[in-house]
Amino acid sequence: MLNTLLPMLLLAVLALAVVGAARRIALWRRGRPSPVPVLAGLMAMPRRYLVDLHHVVARDKVFANTHVATAGGFVAAAALLLVVYLVPLPGSVETVLEVLLLLFSATMFVGARLVAKRRRHPPARLSKGPWMRLPKSLQAFSASVFLIALANLGLLPEGLISGVMGWALAAVLLVALGLGLAELLLGMTWGGPMKHAFAGALHLAFHRRAERFSTRKSDREGKVHRSTGLKALNLEDETAPLGVATPEDFTWNQRLGFDACVQCGRCEAVCPAFAAGQPLNPKKLIQDMVLGMTGRSDAAYAGSPYPGKAVGEHQGNPSGPIVVEAGGALLDADTLWSCTTCRACVEECPMMIEHVDAIVDMRRFMTLEQGQTPGKGSEVIDNLIATDNPNGYAPAARMHWAADLSLPLMRDLGQVDVLLWLGDGAFDMRNQRTLRALVKVLRAAGVDFAVLGDEERDSGDVARRLGDEATFQRLAKANIATLEKYRFQTIVTCDPHSFHVLSNEYGAFGGHYRVRHHSTYIDELMAADRLSLRSWKGGSVTYHDPCYLGRYNGEYEAPRRVLTALGIELNEMQRSGFRSRCCGGGGGAPITDIPGERRIPDMRMQDVAETGAELVAVGCPQCTAMLEGVVDATAQVRDIAELVADALVSEDASGKERAARPQVVEVSP
Amino acid sequence: MSLEPSSVNSSSVASASTQALNIDVLVSVGRHSLTERPRRADLDARALELALRLRDQRGAQVNACHVGEGGQRAGSDTEAALRDYLGMGLEHLTWIDAPQGSDALGLLDEHLRAGQVSAGPRLVLCGMRAEQGEGSGLLPFLLSESLGWAYVPAVVEVEDVASEDGHWYTTVLQALPRGQRRRLRVRLPALLGIDAAAAQPRQSAFGPARRGRIEQRQLETSVIADESLANWPLQPAKPRPKRLKIVTATNARDRFKAAAAKAESTGGKVLQDVSPEQGAEAVLTLLKEEGVLR
Ligand code: SF4
Ligand code: SF4
């Protein structure tokens with residue numbers, strides 16, 4: 001009986017799954033167009049899965065193995081099942097396949113047991129609801145397949161497969177298999193926990209940022225594969241949309257990406273805004289985007305909510321606005337404005353979902369179409385428009401801090417080795433100390449450098465993260481036009497935000513530069529033996545990775561090498577490197593200032609306190625400001641440039657004469 | 001903004017569609033004080049903000065108009081500034097051509113008269129003074145004289161528009177020094193000059209600014225040259241010098257109190273029921289005493 005009913009069951013499930021897939025694909029395709037190479041994408045998918053995705057999953061070793069066993073076992077078992085029961089095969093081949101089936105279903109069963117074990121006391125970041133029944137379905141499927149294979153191989157005791165017992169067993173197996181197939185195969189395309197497998201595979205194939213993934217070529221050339229710059233809006237075409245207003249305004253592959261979410265909550269666990277009790281949870285945000293596609297309410301969502309916002313009060317509309325001022329739509333505006341664009345979520349997401357892109361897309365609409373940038377946002381934007389700096393200072397005052405330094409100007413020299421990009425920190429008294437220190441270091445090393453002076457403008461970073469693409473593009477084009485006038489080899493800046501924008505986001509407008517963060521550049525100077533430094537005598541030190549240097553640009557090592565070269569033994573925080581916790585200063589978050597229960601910089605200084613360090617080294621004006629603003633902090637905040645400048649051997653290294661005879665620096669004390 | 005809901009609801013107004021409140025907002029080109037870049041003028045933007053709130057709350061009809069030199073429009077400073085107003089949520093805006101150096105008064109008079117079609121309530125809003133040019137703040141006075149309508153300066157809020165005995169009235173709040181407010185009832189049509197204490201203008205958004213239409217308008221009125229403008233030398237404005245308060249305090253507490261204290265007006269007198277001559281006489285005397293006139 002099994003042998004007649006089973007193929008029918010399989011065929012029916014398969015047909016239904018195909019119908020579901022077609023419906024789901026049609027749903028994604030209701031988004032905006034986004035051309036991708038279909039065949040090349042599908043071909044690249046296995047590698048993207050096995051290399052890039054697994055690279056992220058493998059950070060949790062235990063679960064990675066669980067997943068390999070369960071998913072690998074399932075894919076193999078399901079494929080074998082179909083072959084064995086739907087393709088007429090010679091007996092010997094069939095026996096071999098049945099044995100394999102036995103093997104894979106057993107592997108899968110072990111995996112499923114491990115999944116079940118993890119689900120017994122699930123961490124808060126995992127979603128409950130339908131996800132709690134998944135281990136049961138996995139076990140039902142693998143166990144029934146295992147038993148069916150056993151029966152077919154004639155390995156079950158005769159008493160079990162004949163007579164009434166036989167009928168009963170067949171019925172039980174069919175029901176269990178049916179339930180398993182419903183969850184695992186139908187669920188893939190009709191919605192349910194397994195949807196992540198179907199959508200995830202296609203998401204890998206048709207990802208909007210293909211350059212995120214490694215290729216065999218990039219591996220051979222040792223090239224980085226990172227894609228962190230925001231995509232430019234087309235402002236030339238007046239009919240082109242400005243950002244995302246409704247779920248259908250996302251590109252189709254963004255929608256596909258939302259569907260790939262496994263609700264693992266890794267993003268939630270690292271999100272600084274969530275930890276601070278601000279109304280944002282990246283996992284819920286992605287789930288809300290999924291609900292938006294079908295227009296459902298979030299009542300059935302079974303994970304952590306946005307802090308302070310009850311579940312069940314929001315409802316999506318496939319072609320209606322995502323945010324409505326009165327609330328009750330898919331999202332509230334403060335959710336979008338809580339994000340610091342720190343990319344911690346993107347870095348952790350095993351499904352390669354791009355949260356920050358989605359958030360900025362929605363912010364763009366609110367700023368460019370609705371004029372609803374909250375907090376001080378509109379004031380900052382107005383200042384950027386009128387004065388090219390966010391605080392509305394007179395552009396001519398940009399160099400006042402350096403009145404006594406007689407810094408060489410690009411305007412006078414025209415050509416230098418290094419263009420020192422100051423950033424808006426030039427207006428800030430705290431950052432001016434960092435800049436002075438950096439100038440001292442450059443002079444001590446005899447670097448041929450100059451500054452743009454008041455020809456420099458804000459890089460456009462804040463405007464862009466606040467959604468004001470128009471102001472960003474104006475500033476970018478103006479800066480590119482200025483830079484075009486001069487000749488230089490490298491831009492050095494102590495502001496990771498300017499660094500990111502100059503090196504990753506100006507390219508779209510024709511500005512291609514070699515940009516170095518000052519820590520990288522100082523590292524290069526040290527490697528070339530151009531600085532002689534006293535060794536560190538202070539207490540213990542820890543280092544805070546700026547998001548825009550680390551996760552955005554992959555520079556984790558240079559600052560550490562510089563600090564180590566100073567003779568500092570770093571006392572690392574638990575969350576450092578690619579897992580560094582944001583200081584709370586990015587993405588315009590201090591400007592929009594969405595209230596939470598805690599402050600992000602306070603939590604970060606707590607991280608510092610836990611290491612017992614007396615000093616935290618930073619490499620970003622924004623981090624300096626945020627961390628120094630923490631009251632009752634246990635550690636001092638110093639920029640790497642300041643630490644290096646303090647350690648310079650010749651203290652008189654301030655004048656021009658210094659730069660003229662750098663060889664003096666070589667003399668050791 | 002402290003608009004009490006009760007005062008909004010008490011309106012008996014403008015719900016009747018034929019009697020919709022009609023608001024003209026006069027807007028000018030502003031300049032940023034540090035960089036002199038063209039942008040919406042702050043006071044005019046506040047006037048438009050007030051009008052837009054009346055539109056959102058009670059369906060008022062809002063028309064904005066600017067009088068200025070025509071000619072090359074696209075990419076001009078004027079266009080940039082006018083787009084700032086459109087970005088606040090206007091679909092279109094009228095740009096009345098005026099040759100260089102001409103007086104806007106006659107043109108505005110004609111434009112506003114032409115717009116007076118229905119018997120409904122009518123308001124004209126503008127900032128108290130322009131950010132460049134003469135910036136004397138006299139235009140609304142002269143306009144109200146030529147139109148024969150009332151002018152209320154320093155308005156911060158329009159509380160109500162209601163009809164009584166076949167006439168329309170508006171209740172407005174007027175700003176007085178030191179945060180005081182005075183409630184006034186004015187018969188319409190009227191001109192309201194908007195004060196810097198009125199609600200902050202909303203953000204100007206890129207999309208609507210780019211989409212908004214600027215409609216050019218040529219008027220028949222023979223243009224009168226602005227003689228005073230032609231004769232006056234123009235120079236960049238500087239902040240008016242403030243009189244220093246001399247504090248002779250011996251301890252920090254007194255110095256702090258003196259610094260934080262509000263300027264008390266001393267001397268001066270209130271003249272009531274005097275003839276214009278007597279009033280003018282008193283003003284002249286004061287100006288001489290202060291050394292403004294010699
Ligand atoms: S968005 Fe990514 S990291 Fe977050 S829950 Fe979904 S799959 Fe996990
Ligand atoms: S970018 Fe950072 S703040 Fe924004 S959602 Fe992701 S983790 Fe949270």
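The following legends describe close-up views of a predicted model.

View 1. Over all chains, the structure holds ten aromatic pairs. In one of them, the ring centres of Tyr393(A) and Phe427(A) are 4.9 Å apart and the planes meet at 20°, so the pair is classed as stacked, the limit being under 30 degrees. Tyr393(A) is partly exposed, with 38% relative accessibility, whereas Phe427(A), at 12%, counts as buried.

**View 2. Tyr548(A) and Tyr552(A) form a stacked pair.** The distance from centre to centre is 3.9 Å, and the angle between the planes is 10°. Tyr548(A) is buried, at 2% relative accessibility. Tyr552(A) is likewise buried, with a relative accessibility of 2%.

**View 3. Ring pairs build a cluster in chain A.** The residues linked in this way are Phe472(A), Tyr506(A) and Phe509(A).

**View 4. Charged side chains sit over tyrosine rings in chains A and B.** In chain A, the ring of Tyr301(A) has the charged end of Lys284(A) over it, at 5.4 Å from the ring centre. In chain B, the charged end of Arg185(B) is placed over the ring of Tyr169(B), and the distance to the ring centre is 4.1 Å.

**View 5. Residues of chain A surround ligand 1.** Among the surrounding residues are Cys261(A), Cys264(A), Cys267(A) and Cys349(A). The shell also includes Val262(A), Gln263(A), Gly265(A) and Lys283(A), together with Pro350(A), Met351(A), Ile353(A) and His355(A). Sorted by class, eight residues of this shell are nonpolar, three are polar and one is charged.

**View 6. Four parallel strands of chain A form an open sheet.** The strand order is S2-S1-S3-S4. Strand S2 (449-451) and strand S4 (515-517) are the edge strands, each pairing on one side only. On average, and with direction ignored, neighbouring strands of the sheet are turned by 30° against each other. Strand S3 (residues 490-493) of chain A and S4(A) run parallel and are joined by three bridges. Within this pairing, Thr493(A) has His517(A) in S4(A) as its bridge partner.

**View 7. Strand S10 of chain B is largely enclosed by the rest of the structure.** This description applies because five of the five residues of the strand (residues 190-194) are buried. In a regular strand, side chains alternate between the two faces of the sheet. In S10(B), Ala190(B), Leu192(B) and Ile194(B) point one way, while Leu191(B) and Gly193(B) point the other way, and all are buried.

**View 8. S10(B) pairs in parallel with strands S6 and S7 of chain B.** Strand S6 (residues 122-127) is joined to S10(B) by five bridges. One contact to S10(B) is that of Leu123(B), whose bridge partner is Ala190(B). Strand S7 (residues 150-164) is connected to S10(B) by four bridges. Opposite Ile194(B) in S10(B) stands Val155(B).

Technical notes:
Residues numbered from 1 in each chain as written. Chains lettered and ligands numbered in written order. Predicted model: local features only at pLDDT ≥ 70, side-chain atom pairs only at ≥ 80, totals over all residues. Heavy atoms only, no water. Phe/Tyr/Trp six-rings, centres within 6.5 Å; stacked < 30°, edge-to-face > 60°. Buried < 20%, exposed > 50% of the residue type's maximum accessible area, 1.4 Å probe, protein only. Lys NZ or Arg CZ within 6 Å of the ring centre and 35° of its normal. Near = heavy atom within 4 Å. Nonpolar A, V, L, I, M, F, W, Y, C, P; charged D, E, K, R; others polar. Pairing = 2+ DSSP bridges. Helix = DSSP H or I, 4+ residues; strand = E, 2+ residues; numbered from the N terminus. Axes fitted to C-alpha atoms, helices over the stretch in contact; angles between N-to-C directions.
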